[in-house]
Amino acid sequence: MKKALKKITQIALAVMIVFVLGLGSSLAKVAPDSISVKRAEVLSALVDNAEYGFTIFTTEDGQIIYCMDVDKTPLKQGQTASLSGNGDAGLLYILQNGYPVKSITGNDEADKYITQAAVWWYVNESKLSSDFKNATKETDRYQLVSKYIKPMVEKARQAKDTQGTPSLKIITNGTQLTLSDDEKYYESPYMSAALVNASEYKVSVSGGSKNTVIINEKGEKQTTFKSSERFKVRIPADEVTKTMNLSVKFTATGETQKAKIYTPSDKSYQRVVGLYTEEKALSGTASLKVDPKNPDKHVCEIIDDKYYGKDGNIVDEKTYKEECTVSEVVEVPNTKANISPFAVITGLLSILAGALLVICRKKSNILS
């Protein structure tokens, strides 16, 4: 039994973990093309209580990694390894649920030990001794194997990468800018972007006037938004003097976590694996149009105590009267043409009545 335990301890010496100091260590970084390791510390052999434990290493940039090949020579101080591919969903599960991303027991040393042992078991189960895999309370006083390591490996075997592919979907409610209620601006319908595996998106607009802006739902200028947060494109109405075609560009950076495997040039040394971020640039474009010819403009009208001038803009009462009040015009009839028959008849009757009155007066004089 002692020999088997010692063998486990000796194999454990081959294990390397890159240890990150500080809270920032839990944040996965973008994977470099190559890494360089350096020795950091040695963990106690928590399972078999032997003299030696796991060797801990750190990369130059502080990213944590775990060894994969227990039957090969550990990497040396300062040795480099090149990016060679991605681990499967099982390796990804262990890294996402192990140290330093999650606290397993509340003890950092134990959590490092559990995570490395799970990677080792998942990749090299046939090379682990049965004494280690079936550790008893006597050899595993903290019950790390039964409570933590073995369950983690079992879940890793069932794991599937469900992160999804990063994406950006543009959501619009129309393409035409219209006058705002106060008629000071032309505004687009609300627009937004639905994101998958991206935290925020940025917006820029081209093709408008010099004072074209992007506003949030509070009417404030803003260009960076969370997934599904809405915005409008706004242009001052007096700057829209012709038809404009606008282009609204959406950009974001999608991120997924990957188990990145690094391999040294000398294949007799171990591979290592670490949790890194893989980035993907996302973008999309939406088209908008604004036309100053608005058939709904109120020209020379008074609506709700608001005065609309000859250009359809809100003006004061004095300007409204100057622009919209029509002066009284006296029309002089054209006596040379267009005389109505009624006027002719009226004139003739007047002449006839006058003649009769004269005749009647003459007769009256004779009789008297």
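User: How many of the 17 residues of α3 are buried?

Analyst: This is a predicted model. A residue is called buried when its relative accessible area is under 20%. In α3, 14 of the 17 residues are buried, so the rest of the structure largely encloses this helix.

User: What span should helix α3 have, and how far apart are its end C-alpha atoms?

Analyst: The expected span is 1.5 Å times one less than the number of residues. For α3, residues 108-124, that gives 24 Å, and the end C-alpha atoms are 24 Å apart, which agrees.

User: Which residue caps the N-terminal end of α3?

Analyst: N107 does. One of its side-chain oxygens lies 3.0 Å from the backbone nitrogen of E109.

User: Where does a cis peptide bond occur?

Analyst: Omega is the angle to read here. Y99 and P100 are joined by a cis peptide bond, with omega of about 5 degrees. P100 belongs to the loop between α2 (89-97) and α3.

User: What is the phi of E183, and where does this residue lie?

Analyst: E183 has a positive phi, about 60 degrees, although it is not a glycine. The residue is in the loop between β8 (178-179) and β9 (185-187).

User: Is E183 buried or exposed?

Analyst: Its relative accessibility is 17%, so E183 counts as buried.

User: What about N197: what is its phi, and in which loop does it lie?

Analyst: N197 is not a glycine either, yet its phi is positive, at about 55 degrees. N197 sits in the loop between β10 (191-196) and β11 (200-206). Its relative accessibility is 28%, so N197 counts as partly exposed.

Notes. Residues numbered from 1 in each chain as written. Predicted model: local features only at pLDDT ≥ 70, side-chain atom pairs only at ≥ 80, totals over all residues. Heavy atoms only, no water. Helix = DSSP H or I, 4+ residues; strand = E, 2+ residues; numbered from the N terminus. Buried < 20%, exposed > 50% of the residue type's maximum accessible area, 1.4 Å probe, protein only. Polar contact = N/O pair within 3.5 Å; in protein donor to acceptor, adjacent residues only side chain to side chain.
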